[in-house]
Amino acid sequence: MAFKELVMELTYYFGLGDNLHAALRTFLFGVRNPSLRMERGVLLKGDLANLSVGKGVVIQAGSVIHAGGQGWCDGRGRVEIGDGATISPNCVLYGSGGGGIRIGKRFDCGPFVGIYASRTDYAAGNGHVFRPVVIGDDVVVFSHVVISPGVTIGDGAVIAAGSVVINDVPAGALVAGVPACVVRSCAKRSA
């Protein structure tokens, strides 16, 4: 085995090759989106052509954004993040499948939020179920929330910490619980 091949083998064995490739992809995506602020340790997976971010978006450390492009999701996927959105540390956005994830403007989420446009098809025993997730403008999602495939969250909704959202959330609603239920309306009052 030639020296170069040995170095490549060792690099991939210790994970350096994948890490360097991921860091380069993330860096290049940041260059193409100059108003995007990405902290260290953000992992962008899938086809970056399927990822779009608005102006002033912040993606904090340790977050994973999956925009499809891999075999298990038939190469399909999409993640769209609107202007002024903040993705806090250690969030996971899996926008795999035909519909992917669409997040509106001024989205604010706490750490450890998971948003999934796919899940394992446990009823069939294999494969995946793909359903789009749509999140409106001015939505606040507190920490450790899980948003399941097929959910639509209306403008101005608030999701309480630790909630598991499996059903649509009306605009201006506060939801909480496992599964999340409407607690009250939190619509903004006009002066």
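## Tyr-116 and the aromatic pair

Tyr-116 counts as partly exposed because its relative accessibility is 27%. Buried means under 20% relative accessible area, exposed over 50%, and partly exposed in between (1.4 Å probe, protein chains only). This is a predicted model: local features need pLDDT of at least 70, side-chain atom pairs count only at pLDDT 80 or more, and totals for chains, interfaces and linings use all residues. Residues are numbered from 1 along each chain as its sequence is written, and side-chain values use heavy atoms, with hydrogens and water left out.

A search of the whole structure finds one aromatic pair. Tyr-94 and Tyr-116 form this pair, which is tilted, at 6.4 Å centre to centre and 35 degrees between the planes. The pair links distant parts of the chain. Tyr-94 is in strand β8 (residues 92-94), Tyr-116 is in strand β11 (residues 114-116), and they are 22 residues apart. Rings of Phe, Tyr and Trp (its six-membered ring) pair if their centres lie within 6.5 Å; planes under 30 degrees apart count as stacked, over 60 as edge-to-face and the rest as tilted.

## Overall architecture

The protein has two helices and 21 strands. Both kinds of element are DSSP runs numbered from the N terminus: helices are H or I with at least four residues, strands are E with at least two. Of the 191 residues in the protein, 39% are buried.

The accessible surface of the protein comes to about 10200 Å². Carbon and sulfur atoms hold 57% of that surface. Areas come from the Shrake-Rupley method with a 1.4 Å probe; for residues, only the protein chains shown count as cover. Among contacts with a separation of 6 or more, 29% join residues 24 or more positions apart. Contact means heavy atoms within 4.5 Å.

## His-66

His-66 sits in strand β5 (residues 64-66). His-66 counts as buried because its relative accessibility is 0%. The side chain of His-66 reaches the backbone nitrogen of Gly-68 at 3.1 Å.

Leaving aside neighbours within four places in sequence, His-66 is in contact with Lys-45, Trp-72, Cys-73, Val-79, Leu-93, Tyr-94, Gly-95 and Ser-96. One of these, Tyr-94, is also a member of the aromatic pair with Tyr-116.

## Salt bridges

How many salt bridges does a search of the whole structure find? There are three salt bridges. The criterion is a side-chain nitrogen of Lys or Arg within 4 Å of a carboxyl oxygen of Asp or Glu.

Glu-39 and Arg-37 meet through their side chains at 3.1 Å, N to O. Glu-39 is partly exposed, with a relative accessible area of 27%. Arg-37 is partly exposed, at 47%. Arg-78 and Glu-80 form another bridge at 3.2 Å, N to O. Arg-78 is partly exposed at 25%, and Glu-80 is partly exposed at 28%.

The side chains of Arg-106 and Asp-138 meet in a salt bridge at 2.6 Å, N to O. This pair links distant parts of the chain, 32 residues apart. Arg-106 is in the loop between β9 (101-103) and β10 (108-109), and Asp-138 is in the loop between β14 (133-135) and β15 (140-141). Arg-106 is partly exposed at 43% relative accessibility. Asp-138 is partly exposed, with a relative accessible area of 28%.

## Nonpolar surface patch

Leu-24, Phe-27, Leu-28 and Val-31 form a nonpolar patch on the surface. Together they have about 390 Å² of accessible area. Patches are made of residues with over 30% relative accessible area and no salt bridge: like charges are joined within 9 Å, nonpolar side chains (Val, Leu, Ile, Met, Phe, Trp, Tyr) within 5 Å.

Phe-27 is found in helix α2 (residues 16-32). Phe-27 counts as exposed because its relative accessibility is 54%.

Ile-153 lies in strand β17 (residues 152-153). Ile-153 is buried, at 1% relative accessibility. Not counting residues up to four places away in sequence, Ile-153 touches Val-134, Ile-135, Gly-136, Val-139, Ile-147, Ile-159 and Val-169.

Ser-163 lies in the loop between β18 (158-159) and β19 (164-165). Ser-163 counts as buried, at 1% relative accessibility. A polar atom of the Ser-163 side chain lies 3.2 Å from the backbone nitrogen of Gly-177. Beyond neighbours within four places in sequence, Ser-163 is in contact with His-144, Val-145, Val-146, Val-175, Ala-176, Gly-177 and Ala-180.

Definitions and conventions
A polar contact is a pair of N or O atoms within 3.5 Å; within protein, one must be able to donate a hydrogen and the other to accept it, and residues adjacent in sequence count only if both atoms are side-chain atoms.
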